[in-house]
Amino acid sequence: MKTQLGAFLISCLLSTVYSDGSVEYCYNLPKCNASTWSTIAPHECNGTNQSPINIVTADVKPDSNLTAFSFRGFNDSSALLNIENTGKAVKIVLDDQKMSVSGGGLGSQYNSTQFHFHWGNGSSVNGSEHTVDGRQYAMEMHIVNLRTDLNATAAANNSKGYAVLGFFIEATNESGKPESWKNLTSFLANITNGGDSLDIMNQLTVDSLIQGVNLTNYYRYQGSLTTPSCNEIVVWTVFKDPIKVSKDLISLFSNTVRINTTTDPLITSNFRPVQALNNRVVTSQPTPSTSASSSAGTLHHTLSISTALLYYVLFRCLWSLSTMTLM
């Protein structure tokens, strides 16, 4: 029995396992995957505000407070410090004194600390965490931002401690496009083993990676981290427009980086399945049709008042005329 337990633990550690300092977990073993997280981290992973979710566009509610963001340092190549193979994902560490985000209905300023990726397996298995009307994209990029007035300990207990920006990545049939992603994926060959890290300062900007995305159109909801211990501390922003990246570059993630050493499995399908929305509401900017409908209603109401006033004036004129005639 002890031998079997030991073998299981070793196997688990060698199969897309990651420790955030409190909980060890893995993605792809039959007895050690996302379905077991509610057991290994029951306090939060069993919560009612879990992420990711499936966004049902027909149920999204308009919110006029979801205005444009203010991004600082997203065009600064010196803000990207290094790229790491964490053993479960690829992460880029940021200089949080140079990058921040505010506006967009967040209510606070947030410093950008890192961004990372979730993917499937090559071009045959999609790997975004969020889905839209059941559609799963090839990959998803998360920019993690810590509220400026909180440290990590305080943020871990605050429902709005973090603001995460989620970007869908859609596969295209082009080769080696866009150039910024060709540059990014060229670093993967230097971080093939878990724990590997490479200095990439002054070689890439966040703006170049999200080029083509309309940053004023997005979904908003309250949720959680998508890995144990699944703390429900995240204000989620999921942008509607996907980043378009060629299939060959997307495949490099699942074909290059490994969990640990060169003899260990490649990191594949490192995404959490969608969670129940429960009583939460997903919001977005009011659509032109919504605004037009509102304007039309206002106009109709105004015209109704004007028509009534016109009839009243006409009636008074006719009454006065009839009175004068009688005299």
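Buried residues make up 44% of the 327 residues in this protein. Here, buried means under 20% relative accessible area, exposed over 50%, and partly exposed in between, with a 1.4 Å probe and protein chains only. The model is predicted, so local features need pLDDT of at least 70 and side-chain atom pairs count only at pLDDT 80 or more, while totals for chains, interfaces and linings use all residues. Residues are numbered from 1 along each chain as its sequence is written, and side-chain values use heavy atoms, with hydrogens and water left out.

**The whole chain**

Start with a cartoon view. It shows eight helices and 20 strands. Helices (H or I, at least four residues) and strands (E, at least two) are DSSP runs, numbered from the N terminus. Next, consider contacts, meaning heavy atoms within 4.5 Å. Of those between residues at least 6 apart in sequence, 71% join residues at least 24 apart. The accessible area is about 16100 Å², and carbon and sulfur atoms account for 55% of it. This area comes from the Shrake-Rupley method with a 1.4 Å probe; for residues, only the protein chains shown count as cover.

**Aromatic rings**

Display Phe, Tyr and Trp side chains. The structure holds 15 aromatic pairs. Rings (for Trp, the six-membered one) pair if their centres lie within 6.5 Å; planes under 30 degrees apart count as stacked, over 60 as edge-to-face and the rest as tilted.

Select Tyr25 and Tyr27. Their pair is edge-to-face, at 6.0 Å centre to centre and 80 degrees between the planes. Tyr25 counts as buried, at 1% relative accessibility. Tyr27 is buried too, with a relative accessible area of 5%.

Move to Phe117 and Trp181. Their ring centres are 5.7 Å apart and their planes stand at 70 degrees, so this pair is edge-to-face. Phe117 lies in strand 11 (residues 110–119) and Trp181 in helix 5 (residues 179–186), so the pair ties together parts that are 64 residues apart in sequence. Both residues, Phe117 and Trp181, are buried.

Now select Phe69, Phe71, Phe74, Phe167, Tyr218 and Phe239. These form one aromatic cluster.

Then pick Tyr219 and Lys240. The charged end of Lys240 sits over the Tyr219 ring, 5.1 Å from its centre. The test is NZ of Lys or CZ of Arg within 6 Å of the ring centre and within 35 degrees of the ring normal.

**Helix 5**

Return to helix 5 and colour Ser180, Trp181, Leu184 and Thr185, which are buried. Look down the helix axis. The buried residues of helix 5 fall within an arc of 125 degrees, so they line one face of the helix. The arc is that of the directions from the helix axis to the C-beta atoms. An α-helix has 3.6 residues a turn, so residues three or four places apart point the same way.

**Backbone stops**

Select Ser51 and Pro52. A cis peptide bond joins them, with omega about 5 degrees. Pro52 is in the loop between helix 3 (42–45) and strand 5 (54–55).

Next, select Lys177 and Pro178. They too are joined by a cis peptide bond, with omega about -5 degrees. Pro178 lies in the loop between strand 15 (162–172) and helix 5.

Finish in the loop between helix 7 (247–256) and strand 20 (283–284), where Ser269 is found. Ser269 is not a glycine, yet has a positive phi of about 50 degrees. Ser269 is buried, with a relative accessible area of 18%. Asn278 is also in the loop between helix 7 and strand 20. Phi of Asn278 is positive, near 60 degrees. At 45% relative accessibility, Asn278 counts as partly exposed.
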